[in-house]
Amino acid sequence: MIQETRRVLKNIGKINPESIDDAIRAGAYDGLKKALLVQPADVINELMGADLHGRGGAGFPAGMKQKFVSESCMHCPQRYVVVNADEGEPGTFKDRIIMEQDPHLYLEGTIIAAYAVQASKGFIYIRGEYHDSIRKTRVAIKDAYKKGLLGKNILGSGFDCDIEVKLGAGSYLCGEELTMLESLEGKRGNPRIKPPFPAEKGAFGLPTLVNNVETLANIPFIIAHGKAEFRKLGTEGSPGTKIFTISGRVNRAGHYEVPMGVTLQELIHLAGGMSEGKPFKAALLGGAAGTFVDASMLEEQMSYDNLKKKGATLGSGAVIIFAEGDPVVEALHNCLRFFRHESCGKCVPCRTGTAQLVKSAEQLRNGHPDKKALLEQMIRESTIMAATSLCPLGQSPVLPLKSAASYFSRELTEIK
Amino acid sequence: MTNPLQLMCTQQIIEQFAPEQHNLLNILHALQDNHPQNYLTEQALDDTARYLGLPKSSVYGVATYYTMFSLVPRGRYIVRVCTSVVCELHKAGRVIGSLENMLGITTGETTPDGMFTLELSECLGQCQDAPSVMVNEKVYNNLDDNRLAEIIHQIRGSQKTANR
Amino acid sequence: MTKQISLTIDNKKITAPEGANLLQVASENNIAIPHLCYHKKLSPTGACRLCIVKIENQRGLIASCTVQVSDGMKVTAFDGELEEARKYLLDWLLSEHDESHDNSYDDAFRELVHRYGLDKKENRLFPSIYKELGYPTDESSPVLSYDAAKCIKCFRCIKGCDEVQGKNVLSFTNRGIISYIIGGFDNWGESECDGCGECIQLCPTGAIVEKPHRSAINLLNGIQKVRTTCPYCGVGCQLELFVQDGKIVRSNGVEGVSPNDGRLCVKGRFGYDYVHSPERLTKPLIKKGGKFVESSWDEALDLVARKFSEIKEKYGRKALAGYASAKTTNEDNYLFMKLVRKVFGNNNVDYCTRLCHASTVTAMLRSLGDGAGSNSIEDYAGSDCILVTGNNMIETHPVTATFVKYAVQRKGAKVIIIDPKWTPLVKDAHIWLQPKLGTDVALLNGMLRVIISEDLIDREFITKRVDGGLQAFERLKALTGKYTPEYVKAITGVPAHLMTEAARVYARAGSPLIATGMGYSQQVTGTHNVFCLINMMLITGQVGRRGAGLNPPRGQNNVQGVSDVGASPFTYPGYIPVEDEENLRHIARIWDVPFESLDSKKGLSTIEIMQAAYEGSVKGMYIMGENPMLTDPNLNHTEEAIKRLDFLVVQDIFHTDTTPFADVILPATAFAESEGTYVNSDRRVLRVRKAVDPPGQARQDWEIITEIARRMGSPLGNYRNESDIWDEIARTAPIFAGISYDRLKDQGIQWPCPDKDHPGTDTLFLEQFNTPNGLGKLHPVDYAEQNEQADETYPFILNTGRILYQYHSSTMSRRNKALTDFANQAYVLMNPGDAERHGFTQGQKLRIASRRGLIEPIAVKISNEVLPGELFMPFHYPEAPVNRLTRDEMDPYSKIAPFKLSAVNASPYKG
């Protein structure tokens, strides 16, 4: 039977997250020490060899991203590392667990990443609601300075790096990397036009590496133990482990670190099985910007590549389980309402489209003479939104909508 | 006055930060947290704009974009009910109803004694123990009516002690 | 040269510069891709998404406004999928939109809705939701209204305010479907908005509309649009006036032409009310028994001609004098000058330039050979260092300032400000040097010393282009040797490190421009101040190429042109000295007069004319469009002088502070009723066109002038129209020789323009200076203490100047509701320390007195915008005529008066 394999979460519950000495005893900063002995390019090569994919949702190869940043704008006066700790995807709390329980792990990953791209300044952008994460990260940074792990001439290597915490203030969209940079600069969370990508023009117009907390938390292991060791777990196309956060109708909702490639069924089992013994009905994978699946997907491997093939998404690793009797239309309505609330309003299709979709979803829920036509129209709208929107938010509603319709069209369109 | 920070004037708070635009959100957080009514006064926005050399509208635009900031006075305790898809599955709607009853206000309002403001929140990332609410910086999970009553009672009690 | 590439759009082959904006390229090739948020003056936003296209080998639909074209690009702009998506986008927008419309504005959105058939409700998918969204309106601004329900949130207003005007006053509030535009804290009227109206002009719908006269506008009902030139400051903004039922109802900036490319300031956009003021002069008035009585033109003109002739006969030809006008056209002024020279028979013609940039012009003429700005206004945008001396350009030349702000905010240029008083540009400044009033020569000599001692000079330039070369430079070096940083600080109060940094930044810059204003010119050392600037410019070689030089922005619409066409006691058209015999013979031939009849001695300058009137040698005066009773220094003295005249004619559009002293008042046309040309600050000859009829019997100035000449028995010529007059100007002034009305049809031409194939001159002094030997001349000058000093009785030094919302003597600006809504109150600025010491409180009424006069009551505005010991007052307000306090001591070279420095005291007003 499937067991948890804790690599990233190995210290969870075992150390005092506010004690750097505890963390160091448990191996923290070993990766950094090793990294500082080699060339920045060697660090990037190791990550590329490990084929670590970004754990924020998009799954872009992390080493490649670092390579782009390290090679961008050689005459620029400054380069930045920005940690995306704006975890806001519904059903997702993996980064919070890392920040609250082992903050030195991702801080170490951040410093290694900064070294790899030669960034002397880093920002950690943390969700404003994550008070505990903010506090513990600040303690970790302070202690790291004291130990010479941050600041000038880190561990005698000649590498300088300063890191400060920036607070979000209640905006899901600021978890999108270009929007986060706007917010980081003290502006409204309106997305930027892409290109340029952050690697070219990121924070303050300078080359910037933006990485998710969990991604960075994987780096110390790769540097300390090597790419081969890292690849021993997971699948060929999605190596390593992934933290899934399972919630909804399971007995032991929570965070589970497992090798990439476990099945949905195995995850439910890990989480103690279906609550109250109710039959499984659906899962929402990846949060609101994710996809619904039904029981036909229970045996599918949960990896970036496989799910993509099946038209589903792994996203942030959120797995929300629904049981028989839970109406899909409610979940769908909740997701659409969420998008309306979080749309920044900059581009027309997202601003108005999300508002109109909520109106339609209310009709879908409360009664409409031709729900089939209504649902089709909603899919059409969200498809055009996806094609025309400026940023990922407006491109998202089609995901839960289309997947819900493909698995649960009868339920959604039946007249009550 | 329980919080020593509350004795600080706006200017003192602002000047802890470098006068650079990227500090705007951190400054607004600090100003709001310092205010006993958990909001950003027009004076605070004005001082911030001047300190950062920003137009008023930029500061106002930021303060109204982010949901954590308020431009109207609120209670000493902000009760934020998570309405995510997970919490909703675990009857967040009932939590809202119960809190409205217990506090005698509807969502968005502040109790007449200035103690509580009831608000809704997007996912608080506490889905392992849904449903959840956050009261100021503290998170409460696995809520039912009894637990909610207990929490409210406890906060009221601690306030009475503090006021004595 | 940018590389040309080729691409196809819907199979149409197109050539375009590499990297150009795809949407722009399409539109220039008549491919009308729909769009709302894009504007070619602004950075792309990508908000409306209407301009989506498909590009071969690229994924998905791409907003063409965010694409740079590259070679071989294959673009699909129209197909079923794209058109369906666009229809959805418009449909979505419609659902959050209030479609009511009063036809007072163009509506690009409504046009698109029509194009896609969505004006028919049955073609729409989405229910209207705008009423549920609680969109507010904001009526708090004096000049505009905002309606969020008509707003499509395209960002054009925000970006126009930020990127074009450099003000960045606007933002969004809230987010998502309930977001909308705000100024200030959701209160436009209390925001930093200065009312320029750029946002109105850029708004593609009717969300932001002007307040003045909008209710009178119906675009469906025969609007006439007339292109002309702004009548306020010397930038020369090109306006498009909307005329309906004989009245001006709107003023827009003209896009795509210099100098303003669509930009305007609050005066240009909203300052036209005065044209239709009921207070306009409409009939000639003759003073009879101490009262003005309406008369016929014949009676008035006969009287004027008879009186002038009598004075000439009785006291000789030098007893007459005239003030020409910086407000009226070149053609008017040319004939005015011709009247004085040909009919009066002397050179006693001058105008307010003597009160503004005479010192700058004098210094420039002596050193460089030309008294006009060396560069183009738009060059500021590409400069890397702008030295702003005594020049509050954001308020006095707001549109020029937009180019400066662009350079700073978008290109990282450094602005160095030298000004004792805070000005709004300080916010954008790299360095602000704040010397005590009247100490500029010391400061600049200090900067020169830094440049010399750090060897930041340009030896090659000095050798090749400076008269006397390195030897002349050695004399300057010797003179500046004593201006050590410590010595300079003792005189000026400016910290050494700031002065040093300023000198280095200027000397090392790649394309530095100096913008010098009234703060430098209106001093007894005015000419010396500018000599110092020129010394610095010459030894560093920061002139003689595009984007480097010295520019005095001119304060009035045609102050440049009036000098150019020779309304000066010292020069004929084209700056040819009155003593130049060859020129006099040339002129005599053109004017068909005996050469001997032309006076070859310099005439009296502005202040000298008043002094001569005071002393009794000038007996008759003709004042055209000037108001010396508010604008001349030492007004008590001026008043006495004017009273001593035997006969005074004032020609104007309103009663002014001067008209009560006239014997005859003649009603003239305002700018919108006139034809002709102005010359702006960068030597650009610009057309002025008639948009509306003059009120009553008012006549254009030149027509009045020719009548007076005819009745004095010496006709000026047979001019059918203004173009005829211009052609004569072009024959008399070589700098204008190649310019004709035909060539001015679409855009202005910068002089010198010696022949009809010459494109005009954007930069002066490229090859040589305009001096006789072609070399620039250094004028080493020493700092001298001012004669007027603060003392126990008069402990303050008073500075004077302008504000954005008023103009000159405010006869025009005060007759505009929009402008007076913004500012209509005189005040005196005082440093908080001084106010505290004297026990004055904010707004308290004071009495300000100098050795020459006093003003009371005047409200005090306590602000650290001024240094301790210094005061500042705007000079616009007749109820607080600051020139009762100023001196008429003159700069010995240029005869300018020191408006910027008077010793005064302040005491509580005791009503």
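Between domain 1 of chain C and domain 2 of chain C there is 1 salt bridge, a term that here asks for a side-chain nitrogen of Lys or Arg within 4 Å of a carboxyl oxygen of Asp or Glu. The partners are Glu378(C) and Arg684(C), with N to O at 3.2 Å. On the side of domain 1 of chain C that touches domain 2 of chain C, the residues split into 2 nonpolar, 5 polar and 4 charged. In that sorting, Ala, Val, Leu, Ile, Met, Phe, Trp, Tyr, Cys and Pro are nonpolar, Asp, Glu, Lys and Arg are charged, and the others, Gly among them, are polar.

A word on the ground rules: this is a predicted model, where local features need pLDDT of at least 70 and side-chain atom pairs count only at pLDDT 80 or more, while totals for chains, interfaces and linings use all residues. Residues are numbered from 1 along each chain as its sequence is written, chains are lettered from A and ligands numbered from 1 in the order in which they are written, and side-chain values use heavy atoms, with hydrogens and water left out.

Back to chain C. Its domain assignment gives domain 1 (286–356 + 557–750), domain 2 (358–551) and domain 3 (796–908); such bounds come from an automatic or database assignment. The C-alpha centres of domain 1 of chain C and domain 2 of chain C are 34 Å apart. Where these two domains touch, 11 residues of domain 1 of chain C are in contact with 11 residues of domain 2 of chain C, contact being heavy atoms within 4.5 Å. The rule also finds 5 residue pairs in polar contact there, both at pLDDT 80 or more. A polar contact is a pair of N or O atoms within 3.5 Å; within protein, one must be able to donate a hydrogen and the other to accept it, and residues adjacent in sequence count only if both atoms are side-chain atoms.

| Interface | Buried area | Carbon and sulfur share |
|---|---|---|
| Domain 1 of chain C and domain 2 of chain C | about 940 Å² | 45% |
| Chain B and chain A | about 3300 Å² | 54% |
| Chain B and chain C | about 1200 Å² | 58% |

Now for chain B against chain A. Here 33 residues of chain B are in contact with 51 residues of chain A. The interface has 24 residue pairs in polar contact, both at pLDDT 80 or more, and 1 salt bridge. That salt bridge pairs Glu122(B) with Arg337(A) at 3.7 Å, N to O. Helix 2 (24–34), helix 4 (56–65) and helix 5 (85–89) of chain B each bring at least two residues to the side that touches chain A. Helices (H or I, at least four residues) and strands (E, at least two) are DSSP runs, numbered from the N terminus. By class, this side of chain B has 14 nonpolar, 15 polar and 4 charged residues.

Chain B also meets chain C, with 14 residues of chain B in contact with 15 residues of chain C. Lys56(B), Ser57(B) and Tyr60(B) supply 47% of the area that chain B buries against chain C, more than any other three residues.

Pro195(A) and Pro196(A) are joined by a cis peptide bond, omega about 5 degrees, and Trp751(C) and Pro752(C) by another, omega about 0 degrees. Asn103(C) has phi near 60 degrees, a positive value in a residue other than glycine, and is buried at 19% relative accessible area. Asp592(C) likewise has phi near 60 degrees, but counts as exposed at 69% relative accessibility.

Conventions: Buried area = accessible area lost by both parts, 1.4 Å probe. Buried < 20%, exposed > 50% of the residue type's maximum accessible area, 1.4 Å probe, protein only.
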